[in-house]
Amino acid sequence: MALVVPRSVWKRFSNVSGFVRIWVPLLSPVPNRTVYSCIDPSIGLSDDQKEFQKIAFSFALNEMSPHMAEWDQKEIFPVETMRKAAQLGFGGIYVRPDVGGSGLSRVDTSIIFEALSTGCASTTAYISIHNMCAWMIDTFGSEEQRHMHCPKLCSMEKCASYCLTEPGSGSDAASLITTARRDGDSYVLNGSKAFISGGGDTDLYVLMCRTGDKGPKGISCLLVEKGTPGLSFGKKERKIGWNSQPTRAVIFEDCAVPVSNLIGKEGEGFSIAMNGLNGGRINIASCSLGAAYASILLTQDHLKVRKQFGKPLASSQYLQFKLAEMATGLVAARLMVRNAAAALQEGRQDAVALCAMAKLFATDECFTVILSHPVSSSSLREKRCRGLNMTLAGQPEYIIMTSRPQHCSRPVFDPFVL
């Protein structure tokens, strides 16, 4: 299903001078022996996909990129900008249309997040988490829950956070200890969640908690609204990146929520959480693609303009090789991400493994691309580098690769499980 965008909105975005100057040439036929043609993100897309990709590129260029550095430096959570994105259908991209979603596929979603991330990977990463939360409610919630929460989430009138990680359980999510004790028509919550994106600033928390015995079958999923008595937040974390989205601990102290806030059935929470994370990996990998793509374009421009010894840097064979390596890494990562997204959409048996592989490869490869980007401005290379570093730091497979011998037969954290 195509993204429904009012004609007036499309006309307004497609005619802006910056869009025409930068993005349209990249989507037009160009000579084969150019970096632009081989890394063109529109190659192989349908006409509908190209249309909403253009809209996302334009929004990134005009609404996100000019503010990226300020959001990062001042730690601004740009809610109003995200609501503008939601007006284009980006608040519930793969949520069903009857509750305000765009009803697009996982591949479509990846295309959009890659385009938005060329403007600000940090903000796009939060939008991707919000989308994941909305999808979980849409997919596993009751009809009443869907119609109560999804319309406001899709418009981003309300923002959502995903609460799984705890101080003592990261990759081993099944060992979480936040409890939900049944007391009449309520669950009484006690425990805490760590490193929650949007924590303290968002309106709805999709919480994984323990309603039963140890292990994954004792975990359930509950919705907790901001302002519920017993819900509080830790201090705002200081981070090396992703500063346009706040990160805090979320704390529950005898926090009572209605039984009607249970998503699915008791004991289904772990399955719901893992289903959400499969798509979440694709989303975060797509954010890495966008940041790397923008870096390559800026690198090519820099090589053409900068001169040394009377010649532009672009004439250096060594730098041509480096640019080719950057382009190769980006294209390989994009193919892997889109293949995993298609597998997830089709419900293939290899989808979970492919999603983990795609996130591992794309975030690592795109981080390498950005490290190769020669422009040192804090609003460009530094910001993107720190933003991509957060996508790496959050994945257990990266921790394994950098801290454990490569020949270990079985790592502590299994990237194909979480």
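Guide: Welcome! Residues are numbered from 1 along each chain as its sequence is written, and side-chain values use heavy atoms, without hydrogens and water. In this predicted model, local features need pLDDT of at least 70, side-chain atom pairs count only at pLDDT 80 or more, and totals for chains, interfaces and linings use all residues.

Visitor: How many aromatic pairs are there?

Guide: Rings of Phe, Tyr and Trp (its six-membered ring) pair if their centres lie within 6.5 Å; planes under 30 degrees apart are stacked, over 60 edge-to-face, and the rest tilted. By this rule there are five aromatic pairs.

Visitor: Why is the pair of F77 and Y126 called edge-to-face?

Guide: Their ring centres are 5.1 Å apart and their planes stand at 80 degrees, so the pair is edge-to-face.

Visitor: What makes Y126 count as buried?

Guide: Buried means under 20% relative accessible area, exposed over 50%, and partly exposed in between (1.4 Å probe, protein chains only). Y126 has 0%, so Y126 is buried. F77, at 13%, counts as buried too.

Visitor: Why is the pair of Y205 and F233 called tilted?

Guide: The centres of Y205 and F233 are 5.6 Å apart, with 40 degrees between the planes, and the pair is tilted. Y205 is buried at 0%, whereas F233, at 27%, is partly exposed.

Visitor: How do you know that the charged end of R334 sits over the ring of Y293?

Guide: The rule asks for NZ of Lys or CZ of Arg within 6 Å of the ring centre and within 35 degrees of the ring normal. R334 sits over the ring of Y293, 5.7 Å from its centre.
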